[in-house]
Amino acid sequence: MDGVNRMYGPDYSGTQTGEMLGILGFIVVVGLILFLVNWVLRKILGVRRKKFFAPSSNYVNSQHQKGDAYFRWGGAAIFLIVFFLFYEHGPFIPFMALVVMGLLQDTYTAYMEKKHSDNPNDYKFTLMQFPIALIIVFISGYIFLPNFIDVLFDGLD
């Protein structure tokens, strides 16, 4: 039978299952490796773990909290604008907008931590976290999602 199950309709048991397993593997591996790398970096640098559900305790002062809010909301607005202006060109330009906004936000956080934090290693952890995360995402994407690089750079021709 040509991929059609006469009783239940089209047969979707082939390629899509493999892609879903790749996506699941990508998410699990990225999450696990990021957790482990952050844990090791925290131990080496002596940095305390930031609270996930209490973000207000993760700022060094009120100026840091206000600045971070500007980056967060401004970054979201810029991303949406870039996404709607360039969506027909593929995901690369919106992805790069996210990366640039993330770099700016992390740079601001590192600056505030260097200037105002009690722990002199907080800013080092912040500066290392983003590039390491990008490397892990790209390597895992290449391993688990064979078309990851092609899809990301699609439309740049």
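Is Asn61 buried, partly exposed or exposed? Asn61 is partly exposed, because its relative accessible area of 25% falls between the cut-offs of 20% and 50%. Please keep in mind that this is a predicted model.

**The chain as a whole**

- The chain holds 5 helices and 2 strands.
- Followed along the sequence, these elements come in the order β-β-α-α-α-α-α.
- The chain has 157 residues, and buried ones make up 26% of them.
- If you take the contacts between residues at least 6 apart in sequence, 66% of them join residues at least 24 apart.

**Around Asn61**

- You will find Asn61 in the loop that runs between α1 (15-45) and α2.
- Setting aside neighbours within four places in sequence, Asn61 makes contact with Met112 and His116.
- Ser117 is 56 residues away from Asn61 along the chain, yet their C-alpha atoms are separated by 8.9 Å.

**Helices α2 and α3**

- The axes of α2 and α3 lie 9 Å apart, and the two helices pack at an angle of about 170°.
- That angle is over 145 degrees, so α2 counts as roughly antiparallel to α3.
- Sorted by class, the residues in the contact of α2 with α3 are 14 nonpolar, 7 polar and 2 charged.

- Gly74 sits in helix α2, which spans residues 62-86.
- Apart from residues up to four places away in sequence, Gly74 touches Ala69 and Met101.
- Gly74 and Met101 are 27 residues apart in sequence, with 8.8 Å from C-alpha to C-alpha.
- Val82 is also part of helix α2.
- The relative accessibility of Val82 is 15%, which is under 20%, so Val82 counts as buried.
- Not counting residues up to four places away in sequence, Val82 touches Tyr87, Ile93, Pro94 and Ala97.

**Helices α3 and α4**

- Helix α3 covers residues 92-116, and its axis comes within 7 Å of the axis of α4, the two crossing at roughly 160°.
- This crossing angle is over 145 degrees, and therefore α3 and α4 are roughly antiparallel to each other.
- The crossing of α3 and α4 is right-handed.
- On the α3 side, the residues that meet α4 include Phe95, Val99, Gly102, Leu103 and Asp106.
- On the α4 side, the residues that meet α3 include Tyr123, Leu127, Phe130, Leu134 and Phe138.
- By class, the contact of α3 with α4 has 9 nonpolar, 3 polar and 4 charged residues.

**The nonpolar core and its surroundings**

- The largest nonpolar core is made of 5 residues, namely Phe26, Val30, Ile136, Leu145 and Phe148.
- Val30, one of these core residues, touches Ile136, Val137 and Ser140 when residues up to four places away in sequence are left out.
- Leu145, another member of the core, lies in the loop between α4 and α5 (148-152).
- Leu145 counts as buried because its relative accessibility of 19% is under 20%.
- Beyond its neighbours within four places in sequence, Leu145 is in contact with Gly22, Ile23, Phe26 and Ser140.
- Leu145 and Leu21 are 124 residues apart along the chain, while their C-alpha atoms are separated by 9.5 Å.

**A closer look at Ser140**

- Ser140 belongs to helix α4, which runs over residues 122-144.
- At 4% relative accessibility, under the 20% cut-off, Ser140 is counted as buried.
- Which residues does Ser140 contact, leaving aside its neighbours within four places in sequence? They are Phe26, Val29, Val30 and Leu145.
- Among these partners of Ser140, Phe26, Val30 and Leu145 belong to the largest nonpolar core.

Terms used:
Residues are numbered from 1 along each chain as its sequence is written. This is a predicted model: local features need pLDDT of at least 70, side-chain atom pairs count only at pLDDT 80 or more; totals for chains, interfaces and linings use all residues. Side-chain values use heavy atoms; hydrogens and water are left out. Helices (H or I, at least four residues) and strands (E, at least two) are DSSP runs, numbered from the N terminus. Buried means under 20% relative accessible area, exposed over 50%, partly exposed in between (1.4 Å probe, protein chains only). Contact means heavy atoms within 4.5 Å. Axes are lines fitted to C-alpha atoms, for helices over the stretch in contact, and angles run from 0 to 180 degrees between N-to-C directions. Angles under 35 degrees count as roughly parallel, over 145 as roughly antiparallel, 65 to 115 as roughly perpendicular and the rest as oblique. A crossing is left-handed if the near helix is turned anticlockwise from the far one by less than a right angle, and right-handed if clockwise. Ala, Val, Leu, Ile, Met, Phe, Trp, Tyr, Cys and Pro count as nonpolar, Asp, Glu, Lys and Arg as charged, and the others, Gly among them, as polar. A nonpolar core is a set of buried Ala, Val, Leu, Ile, Met, Phe, Trp, Tyr and Cys residues joined through side-chain atoms within 4.5 Å.
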